[in-house]
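Subject: Model handover

Hi,

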Amino acid sequence: MSDTPFGFGLPPEEPDDGDEGKKKDQQSGGGQGPANPFGFGLPGAGGLGGPGAENPLAAMFGSLNPTDLGAAFQQLGQMLSYEGGPVNWDMAKQIARQTVAQGTSDGTKDASVGPAERTAVQEAVRLADLWLDDVTSLPSGAASAVAWSRAEWVEATLPAWQELVDPVAERVGTAMGDVLPEEMQAMAGPLIGMMRSMGGAMFGTQIGQAVGVLAGEVVGSTDIGLPLGPAGKAALLPLNIEKFGKDLGVAQDEVRLYLALREAAHQRLFAHVPWLRSHLFGAVDGYARGIKVDTAKLEDVVGQFDPQNPEQLQDALQQGMFQPEDTPEQKAALARLETALALVEGWVDAVVHAAAKPRLSSADALRETLRRRRASGGPAEQTFATLIGLELRPRRLRDASRLWASLTDARGVEGRDGLWAHPDMLPTAADLDDPDGFVHREQLDFSELDKMLGEAANGSGPKPDLRKRDEGDQKEGDGKDDDAE
């Protein structure tokens, strides 16, 4: 887990068009270097280098040429006049779009999606859903299939990022406002307002940069195991899919189809497990409530804050002012989220492999490529870890995939998918360490709850037994009636 859920470094300078802009970006230390691909000024993570790492306004003012200066002052005015929530989402959107417009580090520029690409994505998702019908009892969750450009991905996913990030930023912002005693807050009102405005802008800057860089890497709307796009809309990014499959030696159609299988499988899960989304996002909110602010350090910063020297606030933020509180509640929230995400990704991995293995010659290679992408700390995991302090553990994803595969063998497709009926039926982190023990353990069948409650309300009918045994667990001739108390 990262020490700071939000690093408050600044994004690289917005380059001019053409080679000049690239040269300026390299000279300034901005851009997306390998040590820190998101441009986050995290302690010990390589920083930004150059003036942007020391002065939070350096990226905004650039080289101070007359062309940039007007826009820089306009952006500064927007930052100081912001009076919205804990994150300046207008600024986040603007910076994300600017980052996308710059292109990725390999020189790939965003481009509008053409009719042929849209048709190819729609056909891939349609075929993927047909294949998935054979390996899961959950019906299709994709009412439509769309092909997005990187900019369209930014626009479509920002509402989900807002829901994820706002609880963390709100907790930090509240702590900043509560540092001073009440009698001093009235006197320091303008200063506190300025700090909140700058804090919202800093959050917006960081998130916009992260989302913009991530848009150059993701291949769909569910890459991090969360539903970032609109419900019921399976989305793929043709440009990034082409980039992903470029050096794999696999036909582009097969790459697209395999990734469509993953997207469609995610859509089924989130569409037909109604509690899952709130469970995941609720764990993020639980994490946010445990964030601890070093009030002593913040009080010192507030007392010495010079409005003409705003880099003081930047330096304090980068020195780890916001530390996740190491409490049982905090650990439980992170463990719950990690385990749930591992189960989601493990189920998708197992289901997609079952659908693709008999049909695609490259299924094993594509599966391993995606697993290695996870294990190497791909952009999705890095962004998620930076934004909310969570690092996904690839070992858990492999363990979860093996457990789901074992459940399929032991209980069949319906028995496996039936575990998604209630969160208490799902494997725990301990179960991932002992998959065989979980597979052959008695499970509560929550699907009987409605029937039980209905019969109790009517005053008729026997009380159902909530125990659900595997056939192998039944003892012949034991003389026991499962419906008896």
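My notes on its core, one glutamate and the aromatic rings follow.

This is a predicted model: local features need pLDDT of at least 70, side-chain atom pairs count only at pLDDT 80 or more, and totals for chains, interfaces and linings use all residues. Residues are numbered from 1 along each chain as its sequence is written, and side-chain values use heavy atoms, with hydrogens and water left out.

Core

The largest nonpolar core holds 91 residues. A nonpolar core here is a set of buried Ala, Val, Leu, Ile, Met, Phe, Trp, Tyr and Cys residues joined through side-chain atoms within 4.5 Å. Buried means under 20% relative accessible area, exposed over 50%, partly exposed in between (1.4 Å probe, protein chains only). W153, W161, L276, L280, W347, W404 and W420 have the most contacts inside this core. Helix α15 (residues 328–356) gives the most to it, with 13 residues. Helices are DSSP runs (H or I, at least four residues), numbered from the N terminus. A second, separate core has five residues, including V168, Y287, A288 and L334.

E155

E155 sits in helix α7 (residues 150–177). Its relative accessibility is 32%, so E155 counts as partly exposed. Which residues does E155 contact, leaving aside neighbours within four places in sequence? They are K93 and R97, where contact means heavy atoms within 4.5 Å. E155 and R97 are 58 residues apart along the chain, with C-alpha atoms separated by 8.7 Å.

Rings

There are three aromatic pairs. The rule takes rings of Phe, Tyr and Trp (its six-membered ring) with centres within 6.5 Å; planes under 30 degrees apart are stacked, over 60 edge-to-face, the rest tilted. W347 and W420 have ring centres 6.5 Å apart and planes at 85°, so this pair is edge-to-face. W347 lies in helix α15 and W420 in the loop between α18 (394–417) and α19 (429–433), so the pair ties together parts that are 73 residues apart in sequence. Both W347 and W420 are buried. Ring pairs link W275, W347, W404 and W420 into a cluster.

Regards

Definitions and conventions:
Helix = DSSP H or I, 4+ residues; strand = E, 2+ residues; numbered from the N terminus.
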